[in-house]
Amino acid sequence: MELVAHLRLSKQALIDLVFFCGVPIVLAMLSAVLGPYTAIMGGAGATVYVLSLAIVPWWLTGLVTQLVSKTAGRRLPLWLIAAIGAIAAGPFVSLYVYGVNSIVADIWPALNALLSVTFSTGHIKSAALSEGRAIVLWIAFVVIFHETLGWVRFAPPSKEASREERFQLSGAEWTAEDDTLLRSLIGSGKPPRAIALEMKRTVGGIRARTAKLGLRNNRLGDTSVD
């Protein structure tokens, strides 16, 4: 059971790595290849520039979205959590991008030809368009990763889930190995809550399985684990 829980955790960690590192790197490389930056900055300069504008804003948006998920996740669907996170992160991302562009423009003055004058009509339109694309892209990737890979990073818990149930392996079936572990833990005299936490299930789930197997709790001397 511990191995199953570890594998599930490892899978989520791997998806985290792909989402927070792989996705922005791929997007940055596409921007470097398709955009005019290589001609102005050279290959190395363009790579550093597009990576800085892809990875850090992606992480900032992830951090804000995580805060949204923790504070209001139960009441909102995943797509709305992602949308609010992306919109709320907008000012921080814009400030960061402005700082990066200011530094880079001093190194490669030719880049100024691609950048609109700050607070000009062109700049505002360009920023709004870029922000809109970023929000749509963020929502799409969050939802796709959740639906296709079972990613749970920003996913809200079910409304009926209790604090204990958040430790439960969602939809996990009881296997022969699980039953063997349950018998061993009950036989060792562990308290019900410790058994539930170790097996990543609810106390109620442990109680039901114990009764179904006809086990006796060695600690309490009856067939329940409470």
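Where is aspartate 179 found? I looked, and aspartate 179 sits in helix 5. Helices here are DSSP runs of H or I with at least four residues, strands are E runs of at least two, and both are numbered from the N terminus.

**Ground rules.** I'm working on a predicted model, where local features need pLDDT of at least 70 and side-chain atom pairs count only at pLDDT 80 or more, while totals for chains, interfaces and linings use all residues. Residues are numbered from 1 along each chain as its sequence is written, and side-chain values use heavy atoms, with hydrogens and water left out.

**Aspartate 179.** I checked burial next. Aspartate 179 has 9% relative accessibility, so it counts as buried (buried is under 20% relative accessible area, exposed over 50%, partly exposed in between, with a 1.4 Å probe and protein chains only). Skipping neighbours within four places in sequence, I get Trp174, Arg209 and Leu213 as the contacts of aspartate 179; contact means heavy atoms within 4.5 Å.

**Helix 5 against helix 6.** I took the pair of helix 5 (residues 176–187) and helix 6 (residues 192–199): their axes come within 10 Å and cross at roughly 150°. The axes are lines fitted to C-alpha atoms, for helices over the stretch in contact, and angles run from 0 to 180 degrees between N-to-C directions. Helix 5 and helix 6 are therefore roughly antiparallel (over 145 degrees; under 35 is roughly parallel, 65 to 115 roughly perpendicular, the rest oblique). I noted a right-handed crossing for helix 5 and helix 6, that is, the near helix is turned clockwise from the far one by less than a right angle, with anticlockwise being left-handed.

Which residues of helix 5 meet helix 6? I listed Asp178, Leu181, Leu182, Leu185 and Ile186, which meet Ile195, Glu198 and Met199 in helix 6. The residues of this contact of helix 5 with helix 6 split into 6 nonpolar, no polar and 2 charged. Ala, Val, Leu, Ile, Met, Phe, Trp, Tyr, Cys and Pro count as nonpolar, Asp, Glu, Lys and Arg as charged, and the others, Gly among them, as polar.

**Alanine 72.** I moved to helix 2 (residues 37–72), where alanine 72 lies. Alanine 72 is at 15% relative accessibility, so it counts as buried too. The C-alpha atoms of alanine 72 and proline 156 are 8.5 Å apart, though 84 residues separate the two along the chain.

**Whole protein.** I counted 7 helices and 0 strands. Of the 226 residues, 33% are buried. Among contacts between residues at least 6 apart in sequence, 69% join residues at least 24 apart.
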